[in-house]
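Subject: Structure handover

Hi,

Here is the structure I promised to pass on to you. Below it you will find my notes on what turned up when I went through it.

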Amino acid sequence: MYKTLIRWRLREIMARYNIKSKDLASELDISANAMSALRKAKTMPRIDGLALNLMCNALNELAEDLEAPITPGDLLDYSIDPKNPPDADKVFSLIKRKRARRKNLLKEQENDAAHESKLTPERKGVA
C-alpha cells in the first residue's frame, strides 16, 4: 500500500489561529469552492511558489495570537518512507519511461507484423 509522505496541513493551521475559510478566500481573491478544496486537501495541492507565498502572507495577516510567522513549512508535514518505494522509478526516470514506451511500441509492431504474416498466405491462396 502506498503511503502519503507529504500531508497538507492548511485545515490545522486555520483552526489553530481561528482563520475562517471565507476570510481567507476573500484575502486570496478566490471562490469559496476553491478555498474549500484547498482546505480539505489531504496531500499537497499543485500550487506554485507565488500562490504559496500569497497564502502564507494572507494567513499571517488573518491569524490571531500569532507568535511566529506562518511559513510554507508549517503547511506541510513530511513522513519518511523507505528509500525505494514501489513505483519510485516511474516518477522521476524519464529515460526509463522512454525505454518502456519504445519497448511497448516494438512489441506492438512485432504483433502487427506477425498478424500480417498469418494473413498473407491466406490471401495468396485465395487469388
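Let me start with one polar contact (a pair of N or O atoms within 3.5 Å; within protein, one must be able to donate a hydrogen and the other to accept it, and residues adjacent in sequence count only if both atoms are side-chain atoms). A polar atom of the Arg 9 side chain lies 3.0 Å from the backbone oxygen of Asp 74.

Before going further, some housekeeping. This is a predicted model, in which local features need pLDDT of at least 70 and side-chain atom pairs count only at pLDDT 80 or more, while totals for chains, interfaces and linings use all residues. Residues are numbered from 1 along each chain as its sequence is written, and side-chain values use heavy atoms, with hydrogens and water left out.

Back to Arg 9, which sits in the loop between strand E1 (6–8) and helix H1. Helices (H or I, at least four residues) and strands (E, at least two) are DSSP runs, numbered from the N terminus. Arg 9 counts as buried because its relative accessible area is 15%; buried means under 20%, exposed over 50%, and partly exposed in between (1.4 Å probe, protein chains only). Setting aside residues up to four places away in sequence, Arg 9 touches Arg 16, Asp 74, Leu 75, Leu 76 and Asp 77, where a contact means heavy atoms within 4.5 Å.

Ile 6 belongs to strand E1 and is partly exposed, because its relative accessibility is 39%. Its C-alpha is 6.5 Å from that of Met 44, although Ile 6 and Met 44 are 38 residues apart in sequence. With the same exclusion of residues up to four places away, the residues that Ile 6 touches include Leu 76 and Asp 77.

Now the overall picture. The protein has seven helices and two strands, running β-α-α-α-α-α-β-α-α from the N terminus. Of its 127 residues, 19% are buried. Among contacts between residues at least 6 apart in sequence, 69% join residues at least 24 apart.

Beyond its neighbours within four places in sequence, Met 55 is in contact with Trp 8, Leu 10, Leu 28, Leu 38 and Leu 75.

- In H4, Leu 52, Met 55, Cys 56, Ala 58 and Leu 59 are buried. They lie on the same side of H4, because they cover an arc of only 165° around the axis (taken from the directions from the helix axis to the C-beta atoms). Gly 49, Leu 50 and Glu 61 are exposed on the other side. The buried residues of H4 pack against E1, H1, H2, H3 and helix H5 (72–75).
- In H2, the buried residues are Leu 24, Ala 25 and Leu 28. Their arc of only 100° around the axis puts them on the same side of H2, and the face turned away from it carries the exposed Lys 22 and Ser 26. The buried residues of H2 pack against H1, H3 and H4.
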